[in-house]
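Here is a short report on one protein chain. Keep the sequence and the 3D view open while reading.

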Amino acid sequence: MLIASYNPEEMGDILVTITAPDAGEQEVKVAGGVTQITTAKDHQLLGYNFMEASSLLPDLKGQKGQVFLTDEQVATLNDKIAAAGFDDKLVADHDPKFVVGYVEEITEHPHSEHLKVTKTRISDDQTVQIVCSSPNLEQGVKAVVARPGAMMPSGKIIWPGALMDVESDGMLCGFRELRMKNAPDKKGLWIIPDDWQEVGEAVDFEKADTFFPAK
């Protein structure tokens with residue numbers, strides 16, 4: 001997994017890359033304009049920060065937020081990592097993180113009256129369990145699924161986890177979480193029209209923005 005973020009207005013010219021969720025105590029090493037973050041106990045790589053990132057990757061100029069790195073850009077970063085004396089390399093990740101899902105099944109959450117447990121199909125051959133509290137959740141609808149590794153517009157990263165002791169592998173997304181242009185500011189999933197996109201496809205947010213008329 002590889003998540004990259006660039007926000008020069010708040011952090012300066014630094015590219016942040018994340019390969020795993022925060023876990024306990026961390027060890028930080030800095031060399032050659034690269035900061036390596038690992039777990040303190042077993043030295044699992046959590047990510048790298050790259051200083052003067054726009055000099056390293058000129059295409060970053062003008063970007064803000066999550067960055068989707070090409071194979072060539074990842075190779076450039078790995079050259080920088082090696083030059084700084086670090087061994088752990090980054091691996092490009094091109095799997096879409098926001099996909100069209102289909103809610104196949106809904107069951108009651110064993111520890112909550114407000115949460116539901118869904119079986120949601122995210123491709124022809126993959127169904128995942130996602131816990132959801134949306135009031136308009138129904139069986140048989142399509143919705144946006146944020147898969148593990150997705151970065152929400154708020155900056156929050158979706159990781160596999162559990163909600164009240166029930167495993168949840170992703171998130172069913174609503175208008176508020178997605179911050180879609182002209183979408184209603186209300187709680188609830190964006191129910192995707194059945195003929196809009198196929199299950200498993202990467203969500204076309206540019207196309208989705210046209211779904212809601214300008215106010």
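## Two loop residues with positive phi

Start in the loop between E11 and strand E12 (166–168), where aspartate 165 is found. The model is predicted. Aspartate 165 is not a glycine, yet its phi is positive, near 70°. Its relative accessibility is 70%, so it counts as exposed, the cut-off being over 50%.

Histidine 43 also has a positive phi, about 60°, although it is not a glycine. This residue sits in the loop between strand E4 (34–39) and E5. Histidine 43 has a relative accessible area of 44%, so it is partly exposed.

## Alanine 162 in strand E11

Strand E11 contains alanine 162. Is alanine 162 buried or partly exposed? It is partly exposed, because its relative accessible area is 44% and buried means under 20%.

Leaving aside residues up to four places away in sequence, alanine 162 touches Glu167 and Ser168. Isoleucine 130 lies 32 residues from alanine 162 along the chain. The C-alpha atoms of the two are separated by 9.1 Å.

## The chain as a whole

The chain has 215 residues, and 44% of them count as buried. Its secondary structure comes to five helices and 14 strands. The C-alpha atoms fill a box of roughly 50 × 40 × 30 Å along the principal axes.

## Confidence

The average pLDDT of the chain is 90. A score of at least 70 is reached by 95% of the residues. Among the elements, H3 has the highest mean pLDDT, at 98. Helix H5 (residues 205–209) has the lowest, at 71.

## Nonpolar cores

In soluble globular proteins, nonpolar side chains tend to be buried together. Here, the largest nonpolar core has 19 residues. Those with the most contacts inside it include Leu15, Tyr48, Phe50 and Leu69. Strand E1 (3–6), strand E5 (45–51) and helix H3 (71–83) each supply at least two residues of this core.

What does leucine 69 touch, not counting residues up to four places away in sequence? Its partners are Leu2, Ala4, Leu57, Val74, Leu77 and His94. Leu77 is also listed among the residues with the most contacts inside the largest core.

A second, separate core has 16 residues. Phe98, Met171, Cys173 and Leu178 are among them.

The largest pocket holds about 520 Å³ of space. Its lining has 17 residues, with Gly65, Gln66, Met151, Met152 and Pro153 nearest the centre. Helix H1 (8–11) and strand E6 (65–67) are the elements that give two or more residues to this lining. By class, the lining of the largest pocket has eight nonpolar, six polar and three charged residues.

The second largest pocket has a volume of about 430 Å³. It is lined by 24 residues. Nearest its centre lie Val131, Leu163, Met171, Leu172 and Glu177. Met171 also belongs to the second core. Four elements are listed as giving two or more residues to this lining: strand E9 (126–132), strand E11 (161–163), strand E13 (171–172) and helix H4 (175–178). The lining of the second largest pocket divides into 12 nonpolar, seven polar and five charged residues.

Key: Residues are numbered from 1 along each chain as its sequence is written. This is a predicted model: local features need pLDDT of at least 70, side-chain atom pairs count only at pLDDT 80 or more; totals for chains, interfaces and linings use all residues. Side-chain values use heavy atoms; hydrogens and water are left out. A nonpolar core is a set of buried Ala, Val, Leu, Ile, Met, Phe, Trp, Tyr and Cys residues joined through side-chain atoms within 4.5 Å. Buried means under 20% relative accessible area, exposed over 50%, partly exposed in between (1.4 Å probe, protein chains only). Contact means heavy atoms within 4.5 Å. On a 1 Å grid over the protein atoms alone, a cavity is a set of points where a 1.4 Å probe fits but cannot get out, and a pocket is an open set with protein on both sides within 12 Å along at least five of seven lines; lining residues have an atom within 4 Å of a point. Grid points are joined across faces, edges and corners, and a volume is the space filled by probe spheres set on the points. Ala, Val, Leu, Ile, Met, Phe, Trp, Tyr, Cys and Pro count as nonpolar, Asp, Glu, Lys and Arg as charged, and the others, Gly among them, as polar. pLDDT is the predictor's confidence in each residue, from 0 to 100.
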